[in-house]
Amino acid sequence: MLLAGIQMLSVQPDTKPKGCAGCNRKIKDRYLLKALDKYWHEDCLKCACCDCRLGEVGSTLYTKANLILCRRDYLRLFGVTGNCAACSKLIPAFEMVMRAKENVYHLDCFACQLCNQRFCVGDKFFLKNNMILCQTDYEEGLMKEGYAPQVR
């Protein structure tokens, strides 16, 4: 796999037109893209699977097995899938996930496994016996075990 950057360059009027790596025609547009050490029309640098214009979807592209791909299609074709630690269902390689140590979760499954409270950015969570717990349930569990949480 090669992760490559895409540069948008403005064509200077006094320069000789460059050849497009996609269609082999001269680039006479105002702008061109440079990727993989080649020059491209904006319309010619596309994902081999979904045909999205790579200059529009970001500043990177992926290439593998002679294919030029967007991030989503690269991950769909070559990424690693796994199972959610909470629901055990498959997580596609291109899906956003939450991680806690070696556990991986769907975003919707990343919640306290006792009270189902969803976590917001900045919320504390605890991983105990491979279960995600909110602070309240974690502290209640400690109290039941005879440990008092430290208050700071």
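A nonpolar core is here a set of buried Ala, Val, Leu, Ile, Met, Phe, Trp, Tyr and Cys residues joined through side-chain atoms within 4.5 Å, where buried means under 20% relative accessible area, exposed over 50% and partly exposed in between, with a 1.4 Å probe and protein chains only. The views below show a predicted model, in which local features need pLDDT of at least 70 and side-chain atom pairs count only at pLDDT 80 or more, while totals for chains, interfaces and linings use all residues. Residues are numbered from 1 along each chain as its sequence is written, and side-chain values use heavy atoms, with hydrogens and water left out.

**View 1. The two domains of the chain.** Domain 1 covers residues 2-77 and domain 2 covers residues 82-146, with bounds that come from an automatic or database domain assignment. Between the C-alpha centres of domain 1 and domain 2 there is a distance of 40 Å. Two residue pairs may be followed in this view: Asp51 and Asp123, which are 72 residues apart in sequence, lie 39 Å apart from C-alpha to C-alpha, and Gly58 and Lys124, separated by 66 residues in sequence, lie 33 Å apart by their C-alpha atoms. Asp51 belongs to the loop between strand S4 (38-40) and H1, and with a relative accessibility of 49% it is partly exposed. Gly58 is placed in the loop between helix H1 (54-57) and S5, and it too is partly exposed, at 31% relative accessibility. Helices (H or I, at least four residues) and strands (E, at least two) are DSSP runs, numbered from the N terminus.

**View 2. The largest nonpolar core and the residues around Leu45.** This core has 17 residues, of which Ile6, Leu45, Leu54 and Leu61 touch the most other members. Two or more residues are given to this core by each of strand S3 (31-35), strand S5 (60-64), strand S6 (67-69) and helix H2 (71-78). Leu45, when its neighbours within four places in sequence are left aside, is in contact with Ile6, Leu33, Ala35, Trp40, Cys52, Arg53, Leu54, Gly55, Leu61 and Ile68, contact meaning heavy atoms within 4.5 Å. Within H2, the residues Asp73, Tyr74 and Leu75 are buried, and the buried residues of H2 pack against S5 and S6.

**View 3. His41 and its contacts.** His41 sits in the loop between S4 and H1, and it counts as buried because its relative accessible area is 10%. Not counting residues up to four places away in sequence, His41 touches Cys20, Cys23, Arg25, Lys26, Ile27, Asp29 and Leu33.

**View 4. His106 and its contacts.** Strand S10, residues 103-106, contains His106, which is buried with a relative accessible area of 12%. Beyond residues up to four places away in sequence, His106 touches Cys84, Cys87, Lys89, Leu90, Ile91 and Glu95.

**View 5. Gly82 in strand S7.** Gly82 lies in strand S7 and is partly exposed, at 30% relative accessibility. Its contacts, not counting residues up to four places away in sequence, are with Lys89, Leu90 and Ile91. Gly82 and Val104, although 22 residues apart in sequence, are 7.9 Å apart in space from C-alpha to C-alpha.

View 6. A pocket is defined on a 1 Å grid over the protein atoms alone, as an open set of points where a 1.4 Å probe fits, with protein on both sides within 12 Å along at least five of seven lines, and lining residues have an atom within 4 Å of a point. The largest pocket holds about 290 Å³ of space, a volume being the space filled by probe spheres set on the points, which are joined across faces, edges and corners. Its lining consists of 16 residues, of which Val80, Ala93, Glu95, Val97 and Arg99 lie nearest the centre. H2, strand S7 (82-83) and strand S9 (97-100) are the elements that give two or more residues to this lining.

**View 7. Two residues with positive phi.** Asn24, a residue other than glycine, has a positive phi near 70°; it is located in the loop between strand S2 (7-10) and S3 and is exposed, at 67% relative accessibility. Ser88, also not a glycine, has a positive phi of about 65°; it is located in the loop between S7 and strand S8 (90-91) and is exposed, with a relative accessible area of 53%.
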